[in-house]
Amino acid sequence: MSAMDDVAIQGETTGLPGPCARIPVEDADFVRQIMDRVGDKWTLMVIATLQDGVMRYTELLHAIPGISQRMLSRTLAQLHHDGLITRTAYAEVPPRVEYALAPLGASLKDIVASLIDWAITHHAEIRRHRALTGTADNH
């Protein structure tokens, strides 16, 4: 394969219908990773919780029902790694660390709020459908 062939292949899309057609083949795996990250329930809850401003770890832990310390730590580290949140550590005794949405994370605020509102609005209907299909305990 020549260098010209490499250039021609780069930028090709998946050929699938709908929004997936816009994903260049060479970026498909990474785009799926991003969607997996931002679509994660804990990511959504952290972003929604931080939309009102800076919070400390313990405040986040108490504000997000059901999240464990381990999962909060992991989620915060991943979001910081991806540039969605900022982490500011202060050299104090005891140490103080604050988290806030970075501009990239703030760009998700409306999307996250809409998803959470949708889930709140339709949870009873989905619960009924699960009960009818015998999948009431499935998450």
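Keep in mind as you look that the model is predicted.

Let's begin with the sheet. Strands of a sheet are held together by backbone hydrogen bonds, in a parallel or an antiparallel arrangement. Here you will find three strands in an open sheet, ordered β1-β3-β2, with antiparallel pairing. The edges are taken by β1 (55-56) and β2 (85-90); each has a single partner strand, so one side of each has no neighbour in the sheet.

Now follow β2 to its partner. Strand β3 (residues 96-101) pairs with β2 in the antiparallel sense, over six bridges. One of the residues to look for is Tyr90, whose bridge partner in β3 is Arg96. The side chains of these two residues meet as well: the charged end of Arg96 sits over the ring of Tyr90, 3.8 Å from the ring's centre.

Next come the helices. Helix α3 (residues 41-50) lies across β1, β2 and β3, and runs at about 95 degrees to β3. Helix α5 also packs on the sheet, where α5 touches β2 and β3. The direction of α5 makes about 110 degrees with that of β2.

Finally, pick out Gln78 in helix α5, which spans residues 69-81. Is Gln78 buried, partly exposed or exposed? Its relative accessible area is 22%, so Gln78 counts as partly exposed; the cut-off for buried is under 20%. Gln78 and Thr43 are 35 residues apart in sequence, and their C-alpha atoms are 9.0 Å apart in space.

Notes: Residues numbered from 1 in each chain as written. Predicted model: local features only at pLDDT ≥ 70, side-chain atom pairs only at ≥ 80, totals over all residues. Heavy atoms only, no water. Helix = DSSP H or I, 4+ residues; strand = E, 2+ residues; numbered from the N terminus. Buried < 20%, exposed > 50% of the residue type's maximum accessible area, 1.4 Å probe, protein only. Lys NZ or Arg CZ within 6 Å of the ring centre and 35° of its normal. Pairing = 2+ DSSP bridges. Contact = heavy atoms within 4.5 Å. Axes fitted to C-alpha atoms, helices over the stretch in contact; angles between N-to-C directions.
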